Amino acid sequence: MDFGFSEIQHDLRGLARRILDDAVSASTLAAYDEFAAPRFDRVLWQTLVDSGLSGIAVAEEHGGMGLGFMELGLFIEELGRSIAPVPVLAHCVAGMLPLQQFASADLQSRVLPPAARGDILLTGAFWSGSATPELRAQNTPEGLLLTGHCRAVPFAQQADWLLVPVQVAAGVAVVLVPTDAVGVRSNALQMTHFEPHADIEFNNVPVPEADIVLASGGEALVTWTRERCTAAVCAQQLGAADCALRMAAGYTSERKQFGVPVATFQAVGHRMADCYIDVECLRLCTWQALSLLGEQRAATTEVQIAKIWAGDVGHRVSYACQHVHGGTGIDRDYPLWRYCLWLRFNEMTLGSSAAQGAALGQRLARGEGLFD
Amino acid sequence: MKIQFTEAQVALRDELRAYFRELMTPALQAECERDMGEGGGPLWREALARMGRDGWIGLGWPEEYGGRNLSPMEQFIFVEEVMRAGYPFPFLTTESVGPTLAEHGNAWMREEIVPKILRGELLVSIGYSEPDAGTDLAALRTSAVREGDDWIIKGQKMWTSLAHFCDYTWLAARTDPDAAKKHKGISMFLVPNSDPGWSCTPVHTLGGVRTNATFYDNIRVSDAHRVGELHGGWKLITSQLNRERLSLINFGPISELFNQVVHWARAEPGETGGSIAELPWVQANLARSRALIECMKLIVYKQSWAMTEGTLAMADASAAKVFGSEGFIEVYRLLGEIVAERGLLRSHSPGAAEQAARIERLYRTASIITFGGGANEIQRDIISAAGLWMPRASR
């Protein structure tokens with residue numbers, strides 16, 4: 001049992017924080033408010049690619065650092081802290097990770113090196129509430145023909161390739177589709193937190209054999225990837241919640257009313273103390289999930305628990321931090337409001353606390369997930 | 001970062017579970033039940049001494065005290081398992097007073113008292129609170145006055161739990177009534193409960209647990225009974241309380257109770273056919289409990305790790321205490337809703353079921369640790385000040 005960072009983990013966190021502190025601020029983020037531009041900082045993205053951070057969990061033979069999901073998660077925590085406008089969850093977690101785990105050696109060597117170099121951008125359709133794909137495929141002599149849609153895919157309009165599960169006669173297949181393929185049409189959504197997401201329609205889109213990741217048995221890939229996406233959202237929530245909390249603690253320590261800092265009112269101090277405990281709970285549950293997934297161990301229970309906390313903590317910390325700031329917390333000239341949008345997104349995506357709790361409760365009722 | 005037990009830690013846990021399955025005989029369980037989960041009976045004492053002889057109590061202690069030199073994490077695994085087994089382990093003596101004596105005590109304490117604690121042969125009660133000094137502990141009035149080489153101790157303490165079967169009281173007394181700040185005039189003593197000037201009267205509580213008012217009628221002790229620096233007791237109190245707050249939150253029993261309630265709900269038929277566990281609201285309560293207890297586990301494991309590393313932070317000890325104490329209450333309610341009216345039957349009632357009756361009692365005892373070991377309001381003050389660097393109002 002080790003809750004400390006290794007030297008590499010410590011260095012990676014420091015590197016990520018330096019790059020993100022330099023590149024992301026309230027004024028750079030303001031450029032994307034109200035969809036003034038797609039929320040994607042390509043210069044920062046290239047910096048992250050060049051620093052090696054985007055390839056943390058990619059094997060060295062494909063141009064990555066060859067580290068694990070724990071290290072990737074710690075990087076994502078820093079992204080959450082800065083709410084940086086980059087497609088790390090889409091490209092690294094929903095794109096490269098499942099390819100590295102499930103794709104053939106040929107497909108890996110075709111896609112992963114350019115993805116690790118940042119020459120191509122990947123995204124994956126693993127975020128919808130339904131586990132069954134709303135996308136169907138027919139067999140053709142050349143491969144598959146796709147018809148249907150998938151919803152709310154992050155960076156779908158910016159990505160070059162989409163990794164997507166499809167319903168086939170034998171169950172679920174998973175394929176790679178170029179986003180500019182004939183028959184693919186995307187409709188941009190306006191998400192609460194300004195991140196570019198889009199629904200994608202497929203109208204008789206051909207997929208050649210070479211781009212089929214799994215012709216059947218894709219359910220395992222979907223479960224595997226969704227667990228990692230969920231843990232990554234928890235890490236992102238952890239960074240965002242911690243940052244919002246520190247902002248509120250700092251603000252109430254400076255802001256004076258009745259001649260004294262607002263922080264000296266016990267009611268305010270106690271509400272912040274409760275947020276501190278909340279964030280610590282989220283931190284520990286998230287790190288546990290990252291640690292287990294990093295070792296490729298079963299972590300269904302631990303991921304569900306982390307997401308329950310990510311939802312509850314995000315909600316409570318967001319409103320508490322807004323509240324103790326008074327009007328400043330919702331003033332768009334002060335940085336807190338954008339964090340509240342992300343805390344909300346992270347709370348709701350990939351299963352709210354209630355939905356995750358229901359899923360965990362069903363497993364417990366089957367006798368799964370009890371304490372050792 | 002690796003948030004899993006090592007193989008050796010898993011093996012230790014399994015070894016301890018087997019050990020306690022054998023140790024917790026039906027007769028011992030019945031005695032513990034009779035003593036309201038407080039211990040103190042002859043079989044309980046015998047079992048404690050056996051754990052001491054078998055080298056378990058001092059698992060994480062240095063060899064010089066008779067320990068096995070493992071880390072606080074292994075020590076914690078032991079305490080978790082002994083509590084999970086349902087043995088009322090005197091953790092305040094072994095996990096909080098013992099280590100504080102080892103760190104700050106004189107040669108007699110280190111060479112006589114501490115090894116006896118680790119052998120399971122000596123128990124210490126804690127004398128802090130007084131009728132007029134609770135949360136504002138530094139207002140305590142029990143006095144220790146120097147007379148020649150000795151000290152004369154006079155006063156009254158409240159909530160001196162377990163004192164009626166302990167050997168000593170770890171006592172806070174005022175040694176400098178003129179100190180500019182009231183917490184700078186306090187010293188710590190180890191007072192023998194066997195002294196003729198020592199007496200106690202029981203205080204019976206909501207949960208059926210006995211605690212005590214203790215009286216110190218001009219008890220004469222030598223200076224060797226004083227612990228640490230003269231007038232420097234406050235530091236020892238806070239150090240002991242930090243350890244106490246950690247040991248109050250033990251996830252062994254509650255995780256065991258949770259598992260048992262799940263097993264029970266899966267077997268218990270509901271009104272509409274199928275088991276109670278199939279009801280959506282039961283599943284929701286189970287899931288909430290499961291998520292909460294998981295955090296309790298991780299918080300205490302992280303702190304055991306931090307103690308091993310020597311980096312235990314005050315805010316985190318307080319966070320564990322607040323989260324754990326309020327979490328216990330929440331879980332007892334959630335699980336209590338599942339067992340429903342069965343959880344209103346006391347253990348000796350006709351029709352009482354084991355788990356439900358346990359919840360009936362736990363619900364009555366659970367409030368103790370939201371104020372015991374330092375009121376949670378004070379803990380939240382500590383968290384916002386030490387954890388978030390927020391300024392505090394002067395008191």
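How many residues does the contact take from chain B and from chain A? It takes 43 residues from chain B and 43 residues from chain A, where two residues are in contact if their C-beta atoms, placed from the backbone, lie within 7 Å. Before going on, keep in mind that this is a predicted model, in which local features need pLDDT of at least 70, side-chain atom pairs count only at pLDDT 80 or more, and totals for chains, interfaces and linings use all residues. Residues are numbered from 1 along each chain as its sequence is written, while chains are lettered from A and ligands numbered from 1 in the order in which they are written.

Let's stay with chain B's side of that contact. Helices H8 (251-267), H9 (280-309), H10 (314-339) and H13 (376-387) of chain B each supply at least two residues to the side that touches chain A; helices (H or I, at least four residues) and strands (E, at least two) are DSSP runs, numbered from the N terminus. H9(B) gives the most, with 15 residues. Sorted by class, this side of chain B has 25 nonpolar, 7 polar and 11 charged residues. Here Ala, Val, Leu, Ile, Met, Phe, Trp, Tyr, Cys and Pro count as nonpolar, Asp, Glu, Lys and Arg as charged, and the others, Gly among them, as polar.

Now for chain A and a pair of its helices. H9(A), residues 300-325, packs against H11(A), residues 353-365, at an angle of about 155 degrees, with the axes 8 Å apart. That makes H9(A) roughly antiparallel to H11(A), a label for angles over 145 degrees. Among the residues making this contact are Ile305(A), Ile308(A) and Gly311(A) of H9(A), along with Gly357(A), Ala359(A) and Leu360(A) of H11(A). By class, the contact of these two helices has 4 nonpolar, 6 polar and 2 charged residues.

Two other spots in chain A deserve a look for their backbone angles. Ala152(A) has a phi near 50 degrees, a positive value in a residue other than glycine, and sits in strand E3 (residues 143-154). Phe194(A) is not a glycine either, yet has a positive phi of about 75 degrees; look for Phe194(A) in the loop between strands E6 (184-189) and E7 (197-208) of chain A. Are these residues buried or partly exposed? Ala152(A) counts as partly exposed because it has 16 C-beta neighbours inside 10 Å, whereas Phe194(A) is buried, with 22 other C-beta atoms within 10 Å. The cut-offs are 20 or more for buried, 12 or fewer for exposed, and partly exposed in between.

Notes. Axes are lines fitted to C-alpha atoms, for helices over the stretch in contact, and angles run from 0 to 180 degrees between N-to-C directions. Angles under 35 degrees count as roughly parallel, over 145 as roughly antiparallel, 65 to 115 as roughly perpendicular and the rest as oblique.
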